[in-house]
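Hi there,

Here is the structure I promised to pass on.

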Amino acid sequence: MKFNLKRILILFISLFVIGSVAIETSVHTVSGDSLHLKDYTNEITNLNEPYKFIKTDYFKPITHLTFTNKPVTRYYQLTLKKVKMSPDGFERTVWSVNGQHPGPLIQANKGDRLVINVTNHFDDPATVHWHGMFQHGTNWYDGVPGQTQCPIPNDVSLVYNFSTTDQHGTYWYHSHFFAQYVDGLRGSLVIHDPDDPYLKQYDFEYLVMLSDWHHNTTGVLLPLQDAPGYSGFRPIPDSPLISGLGRYNCTAAPPGSKCNSDQPLPVYNVKKNKKYRFRIINSAADGVFVFSIDQHKLKVIESEGIYLKPTIIKKLPVAVGQRYSVIVDANQPVGNYFIRGTLDKRCTPNNNATINFNSAIDWDGLGILHYEGAKNSPNSKEFDDDFTPCRDLDKKHLKPIKPITKYDGHVTDFVNITITFGADKNQRLEALINNSSFVPQLNDPTINKITRDIAAKDLPKDQNSVILNHNGGIAEIYVKNDNNADHPFHMHGHVFAIMFVGEKGDVPDESKYNKKNPVVRDTVTIPGNGFLVIRFITDNPGVWAFHCHIEWHVEIGMVMGIIELQDTLKKETIPEDVVALCLEHDLQKRTTRKMLNAIVINEIRSDD
Ligand SMILES: [Cu+2]
């Protein structure tokens with residue numbers, strides 16, 4: 001989470017110095033001394049059984065799972081390892097999953113259970129968050145260090161085990177440990193649905209993972225952003241990637257770097273008159289992507305697991321963390337057409353002080369839609385814009401297939417927040433929520449505190465806690481954005497209904513709320529100096545992050561912790577292997593200062 005080097009170091013060091021008050025209590029729920037990490041890491045002796053080690057070719061249609069009469073358990077192995085790769089022609093170290101970037105597709109059918117063994121060989125701690133999954137009854141598998149678990153130490157495995165319950169649609173997974181996902185730990189997650197109303201409307205499915213890409217690791221970039229007096233914006237990327245592939249003009253690369261400017265464009269193959277569902281995921285650190293295919297309009301059918309009334313668009317804007325499904329009809333003359341995954345430069349502020357401000361990036365990410373039998377090279381023309389730049393797709397395209405009415409009722413909890421930026425006493429940039437910048441306690445996550453009966457109201461102020469105790473109630477969050485940056489906010493553990501999104505000066509007024517047929521999703525853009533009002537049902541006990549998904553903003557503290565139904569949560573027992581991760585962390589910190597510092601230093605010095 002928040003990478004605030006000095007503060008994290010101070011936190012670690014002070015914990016070391018003041019002794020083990022927090023440490024003793026953080027392992028309170030562990031009984032006896034039989035608990036050792038090695039016990040469960042050794043359980044998995046054969047990666048193939050039952051855990052499936054898979055790789056995914058993002059340029060082949062995904063294989064549809066057979067629907068079963070009863071839910072089944074699907075076992076996956078995710079092995080985290082740093083490897084050298086050249087996604088855009090420029091070679092660097094990539095935090096890979098099963099040796100690839102983006103990581104392989106995890107898929108299940110609605111109702112299935114996912115059991116995923118994550119083995120960390122990064123030399124850094126890691127976690128995996130399953131973006132969009134509700135984790136009902138399994139808050140501790142949400143993968144957020146400082147909130148729901150301690151990080152998985154190097155050379156240790158953690159089995160994430162959760163039901164997909166009634167969820168379906170397009171999701172993704174990514175690290176939530178510092179900015180590690182930006183370095184590569186991200187992949188796709190799809191839940192198929194036998195009752196999908198669009199199932200018969202397409203022949204094949206493709207995944208499109210969009211991301212911005214940096215030639216420096218986040219271990220280099222974050223301390224630059226965190227430097228006292230830094231007056232630039234978020235780091236400028238070096239290229240956009242379409243499912244892990246991009247291009248770069250290597251004449252701009254530093255001398256001595258391995259770089260190849262002649263990268264082939266990524267190709268998605270189609271057959272004339274077949275229909276294709278494209279699942280589009282913006283897994284970037286920052287940028288708004290605009291997805292389009294020349295001469296092929298997009299039928300929008302899903303956003304973040306919600307089936308939509310189909311509408312036709314030319315271009316799809318996707319903010320960080322958002323997902324869509326569109327159906328593409330390969331009904332044009334046999335040929336090659338450009339697929340465009342454009343990073344929208346208009347939404348990425350820049351000045352001379354910005355990290356990598358003189359990037360040689362070509363913002364226009366390109367791929368090819370190749371019709372079987374096509375010979376010509378593509379020279380197709382881009383559609384004109386049919387959307388508002390730097391804003392979410394218009395709500396007229398996001399109407400649920402059936403209106404979702406459960407948010408139109410008595411609101412039990414009102415939460416009022418103001419987000420902006422400030423500087424700490426050392427003139428380092430901070431993101432503030434109600435004047436408070438979030439700092440994770442990596443060795444003692446909030447869930448541990450709640451389960452050992454610390455009342456949510458007594459949590460440290462920098463946990464930015466929102467306390468919701470009405471079981472089955474409706475919570476309303478009113479956000480005022482006091483800064484001119486747009487922020488794509490994501491909520492863990494829930495989807496929410498969007499009552500109101502307002503531009504500068506457009507103050508929310510309940511008479512304008514969209515209560516009857518709201519847009520429902522899990523990630524929404526709050527306009528610069530604008531407003532957002534959302535509602536959700538408080539029915540999922542847990543500690544749920546609510547945060548900007550611009551990773552550079554997360555790392556300076558734009559994070560809240562929703563503490564939902566703490567009385568139920570505190571009665572639950574966190575699995576021993578999850579609690580044991582904290583034990584290991586504490587042991588590391590107590591053993592030597594050197595080891596403790598190594599946790600942070602590995603993250604910085606990542607280009608070895
Ligand atoms: Cu933000």
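**The copper site**

Which residues coordinate the copper ion? There are three of them: H487 through ND1, C548 through SG and H553 through ND1, at 2.0 to 2.1 Å. Along the sequence these donor residues follow the spacing H-x60-C-x4-H. H487 and C548 link distant parts of the chain, as they are 61 residues apart. H487 belongs to strand β25 (residues 487–491), while C548 belongs to strand β30 (residues 542–548).

**The strands around it**

The two strands that carry H487 and C548 also pair with each other: β25 and β30 run antiparallel and are joined by 3 bridges. Within this pairing, F489 stands opposite C548.

β30 has another partner, strand β31 (residues 559–564). These two run antiparallel as well, with 6 bridges between them, and here F546 stands opposite M560 of β31.

Is β30 buried or exposed? Of its 7 residues, 7 are buried, so the strand is largely enclosed by the rest of the structure.

**A loop residue, P197**

You will find P197 in the loop between β9 (186–192) and β10 (204–213). Its relative accessibility is 39%; because buried means under 20% and exposed means over 50%, P197 counts as partly exposed.

What does P197 touch, leaving aside residues up to four places away in sequence? Its contacts are Y307 and I401. Y307 is 110 residues from P197 along the chain, yet the C-alpha atoms of the two are separated by 8.0 Å.

The protein averages a pLDDT of 89, and 88% of the residues score at least 70. Two stretches need some care when you browse the model. Over residues 1–46 the pLDDT stays under 50, although the model gives this stretch 100 contacts beyond four places in sequence. Residues 587–608 also have a pLDDT below 50, and that stretch has 49 contacts in the model beyond near neighbours in sequence. Where pLDDT is low, the predicted coordinates should not be read in detail.

Happy browsing, and best wishes

Key: Residues numbered from 1 in each chain as written. Predicted model: local features only at pLDDT ≥ 70, side-chain atom pairs only at ≥ 80, totals over all residues. Heavy atoms only, no water. Donors = N, O, S within 2.8 Å, 3.2 Å for Na, K, Ca; no water. Helix = DSSP H or I, 4+ residues; strand = E, 2+ residues; numbered from the N terminus. Buried < 20%, exposed > 50% of the residue type's maximum accessible area, 1.4 Å probe, protein only. Contact = heavy atoms within 4.5 Å. pLDDT = per-residue confidence, 0-100. Pairing = 2+ DSSP bridges.
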